[in-house]
Amino acid sequence: MNDEHRDLIESLGPTRPIRDEQPGDKLADGIGLCLSGGGYRAMLFHVGSLWRLNDSGYLSRLDRISSVSGGSITAAQLAIAWPDLAFADGVAAGYVERVVAPLRRLAGETIDKSGIVRGILTPGSIGEKLAASYKQHLFGDRTLQHLPDTPRFVINATNLQSAVLWRFSKPYMRDYRVGEVKNPTVELATAVAASAAFPPFLSPVRLKLDDASFTPGSGDDLQRPPFTTEVVLADGGVYDNLGLETIWKRYRTVLVSDGGGHIAAKPKPAGDWLRQFPRILGVIDNQVRALRKRDVIGLYRAGLRTGSYWGIRSHIGDYGLADALPCDPVLTTRLADTPTRLARMDPSLQERLINWGYAVTDAALRAHVDQSLAAPTAFPYPASGVG
């Protein structure tokens, strides 16, 4: 590939680097994992993906995990469990107990509808009610300072004021236009609620901050009140629905787990603005996701990145493995059509989503990342399969 071709493809990449994350011409040799949004559906699909990454020894090799929305619920639980995972020979013995079990318990609760009702009828916002649910069921009083140093976890939200990505992490939270707050003590439940604040019903989540807490000169053009005193955040997927932004310009190997939804054809869309608005949001999300996916796969094929993309709508046969776990596309498409909600799922559906995430991740890893990996002999939940 000549330099002109390389520059052209690189210019089509899906991210814009920020000032302190310019890797120049040299990418780090680490591995980054992106976890998309998609409510409980994506949360559980990613549980299966992480399960296979753990079994294969790749979970312990990750350098950064970047997440949005439903993916941030999974990532944050993995983060707080990390010190207790008991890695031996690169495999975490405590993964099921410390990651799978708590997330499955959460998936047995409906928190979106109740959060909306309580946010309307009682003092406090809907975002605050959702943060309280995450705090109750998963994260307690933990803050961003309870995240591990390695791997780096980045929880992404969208700043509705600056119209760019707001990233939460242990060393800092920042928006390249507004600036940076070092060593933030925001509660983890609040960060996840902001990342998963899907509009129009679950957003926004508001952060009350002190202008003096920002590093002087760290923002490009908006480092001033009210941008630095009340930050208004929505779902990270509004800006970056695959969680690519904080990984793509940094690491040579990029793994992408996409549990996002898909907007179906509708012969007679509503004409009134109230019913039309969710449809328009769905079209926008679908197109942005398609463009980012196209960029990711194009750059893999051009040899500018290594790694693999797998999605909840992938066909396992496309990976070309004769020994992939049996996953009928009719059944996996039915799983992909699970509504994007934070609503109670029955245990059987939970297991099927986890199994599907596990199986397609296995196929993607063995086809495109490491052909030496041994094939798994069974799903995590063999009796449930994928349908």
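Me: How many aromatic pairs does the structure hold?

Reply: The structure holds seven aromatic pairs, where rings of Phe, Tyr and Trp (its six-membered ring) pair if their centres lie within 6.5 Å, and planes under 30 degrees apart count as stacked, over 60 as edge-to-face and the rest as tilted. This is a predicted model, in which local features need pLDDT of at least 70 and side-chain atom pairs count only at pLDDT 80 or more, while totals for chains, interfaces and linings use all residues. Residues are numbered from 1 along each chain as its sequence is written, and side-chain values use heavy atoms, with hydrogens and water left out.

Me: Why is the pair of W166 and F168 called edge-to-face?

Reply: The ring centres of W166 and F168 are 6.3 Å apart and their planes stand at 65°, so the pair is edge-to-face.

Me: What makes W166 count as buried or exposed?

Reply: Buried means under 20% relative accessible area, exposed over 50%, and partly exposed in between (1.4 Å probe, protein chains only). W166 has a relative accessible area of 0%, so this residue is buried, and F168, also at 0%, counts as buried.

Me: Why is the pair of W248 and Y300 called tilted?

Reply: The centres of these two rings, W248 and Y300, are 6.4 Å apart with planes at 55°, so the pair is tilted. Because W248 lies in the loop between strand 10 (230–235) and strand 11 (251–258), and Y300 in helix 8 (residues 273–301), the pair ties together parts that are 52 residues apart in sequence. Helices (H or I, at least four residues) and strands (E, at least two) are DSSP runs, numbered from the N terminus. Both W248 and Y300 are buried.

Me: What makes I120 exposed?

Reply: The relative accessible area of I120 is 61%, so I120 is exposed; this residue is found in helix 5 (residues 112–121).

Me: How do you know what span to expect of helix 3 (residues 70–81), and what do its end C-alpha atoms show?

Reply: The expected span is 1.5 Å times one less than the number of residues. For the 12 residues of helix 3 this should give 16 Å, and because the end C-alpha atoms are 17 Å apart, the value agrees.
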